[in-house]
Amino acid sequence: MNFPIMAHLVMGYPSLAESLRSAEQYIASGCRILELQIPFSHPTADGPVITQACREAVEREQTRVEDCLDLLATLRQRYPEQEIMLMSYTNRIYHFGLKKFAAALLSLGVKHLIVPDLPVDSPIARQLEGITLVPVLAANVGEERLARLIDMDFDFYYLMSDFKITGSTFSLHPQLARVIAAIRTGAPQARIGIGFGISTPEQVRVVAQHADVAIVGSALIQAQQRGHLSQTLQTLVGYSAS
Amino acid sequence: MAFRQHILDSEGFFGPYGGCFVPEVLLPALEEMQQGFEALKEDPQFLSEFHQALHQINGRPTAFTPLPRISAAIGGAQLFLKNEGLNHTGAHKINHCIGQALLAKRLGKKRIIAETGAGQHGYATAAVCARFGLECTVYMGKKDYERQRPNVYWMELLGATVVAVEDGSQTLNDAVIAAFKDWVANPTSFYLLGSAVGPHPYPAMNTFFQKVVGEEIRSQCESLTGRLPNACVACVGGGSNAMGMFFDFLDDAEVRLIGVEAGGHGKQPGEHAAKLLDGQPGIFEGYYSYFLQDDGGNISNTSSVSAGLDYCGVSPILAWLADAGRVEFERASDEAALAAVQRLAREEGLIPALESAHAFAYAFELAATLTPADVVVINASGRGEKDLFITMRHFQEENLLAYARHLLQHQSQKAFAV
């Protein structure tokens, strides 16, 4: 069985129609989870590839949150069973209306939301009724903080491979083992994904030893830009964990 | 309402504004900073070390100067300025740099990250890092790097690494984001943030380190005029000099507090940086406040002749004080700021930074509506030497170009000699 890949893209890049085609390609090649990012003018935690994609989706394509929800609706209609997570920076969904956004996601069969600049226990997060936020953690998360998060019953943890921004070179921080062990003990049902800098099957193999899902973003956007998305998907998704 | 106590005890929220909206990876560093700051602000030994450094490095207290000629010419209120431009490195910024650097030392930090717009915060950070033996990297938008070149040179001379950020509009906002990204990659570094913005504890912490400005104004104004000012006027970019000036007067209801935003060259989006006048509430760069943004929550570009005011967000403390009606907001255009620089130079022998010139431009209008019995104090947050190439291009473009030609000619002659 192939090792689960969570494949990321920026909606509206290079256009809404093309991002929909990429998403369908991801699904066709067997990506277990889609991570669809709502573009933001200033993605504060992303590297240059995703930042540029966001900028073009916002400035050239004028992608609105409504357009992203339409894209999601199209995908949901065509692939009712596909697991999809959404990703957005806080300000875009804050402006759209957090309650309204949460309701829209739930009606489209999306339960998980990744918001890198919104601490999962922030009072504002409570307005996302019915949504399960995905904590994005790094190797420096404190013992107490981790215990508190585990008590909040998240079912998916997104771990940063190392201290870096998205699309950097891959490395796995030695202290992540401590975080993974604590999650496995405290939340045995939860899945763990590792991302940031994954671009080769060898790196997926390293991640597979520790996590349940490998998260790939910038590498797929670059592959799409260079016109070899299907080969890249094949190499990454085709990798067998056994 | 006891505004001052509320700010000091806030734990990061000022009404609905403020907070700590950052990636989880930064929370340990911010918690360490919050705890460090909470301990220091009550620690008499730290406070005496801080005030000694303000005196020894900075020459505080800074001068409180009457503006007799301009006041007489306007024929309204008596104008005074608080000369923060006399601080070491040329602006109020070094007050919070000294405070944060002392905190960084206590936390055992070795490396400092900073962003800068006009270069005043970066220059001050580079100076305190050199003095306290800390490694220093300063991010600066490429546009600001080019237009505030003197400060780039000073920072490099002081041993800092200055990174010109080529993202986005290449101004302060992009520098802040680049600094945050560095911090995510190096969470054991200390981010020495340059205004009363950002996630908790920065807004309250920088206000705490800057409040010495207003405390000095209170005693200087009382000893010179026998009373408190009718109005205090400060320019507002992020809000550090304004909070420094206003804090001590927040609970004196009779003192009007007026923030002046950058009116740029027009009122359309992208032509100015007036976020409290034209922005909407939002969550960005770690805090909830007013931002210039479009209806979809994307952050707008800003424009101002002064790099230090050319920023999309504003202190959450000022957002709260604006909603409460305690601080009023006005705008001054690029042209008005340049005219104020020229007027102060000619009539009072003072050259303010372009940022501070916005406060003067509005204060001159305000003074005309008051009487000589009234006292208006303006915070001259920085001095204008850093703006050499901007103001010279505006006032004496031919001389600037002649000087540039002279330098190039000199260099080619040298090349021949070799």
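The buried residues of helix α10 of chain B are Y202(B), P203(B), A204(B), M205(B), N206(B), T207(B), F208(B), F209(B) and Q210(B), where a buried residue has 20 or more other C-beta atoms within 10 Å of its own, an exposed one 12 or fewer and a partly exposed one a count in between, with C-beta atoms placed from the backbone. Because nine of the nine residues of α10(B), residues 202-210, are buried, this helix is largely enclosed by the rest of the structure.

The model is predicted, so local features need pLDDT of at least 70 and side-chain atom pairs count only at pLDDT 80 or more, while totals for chains, interfaces and linings use all residues. Residues are numbered from 1 along each chain as its sequence is written, and chains are lettered from A and ligands numbered from 1 in the order in which they are written.

Chain B contains 18 helices and 14 strands, these being DSSP runs numbered from the N terminus (helices H or I, at least four residues; strands E, at least two). Of its 418 residues, 61% count as buried, and the C-alpha trace spans about 65 × 55 × 50 Å along its principal axes.

Chain A has 31 residues in contact with 26 residues of chain B, contact meaning C-beta atoms, placed from the backbone, within 7 Å. The elements of chain A giving two or more residues to this side are listed here.

| Element of chain A | Residues |
|---|---|
| α2(A) | 48-59 |
| α4(A) | 90-96 |
| β6(A) | 136-137 |

Of these, α4(A) gives the most, with five residues.

How values were computed: Two residues are in contact if their C-beta atoms, placed from the backbone, lie within 7 Å.
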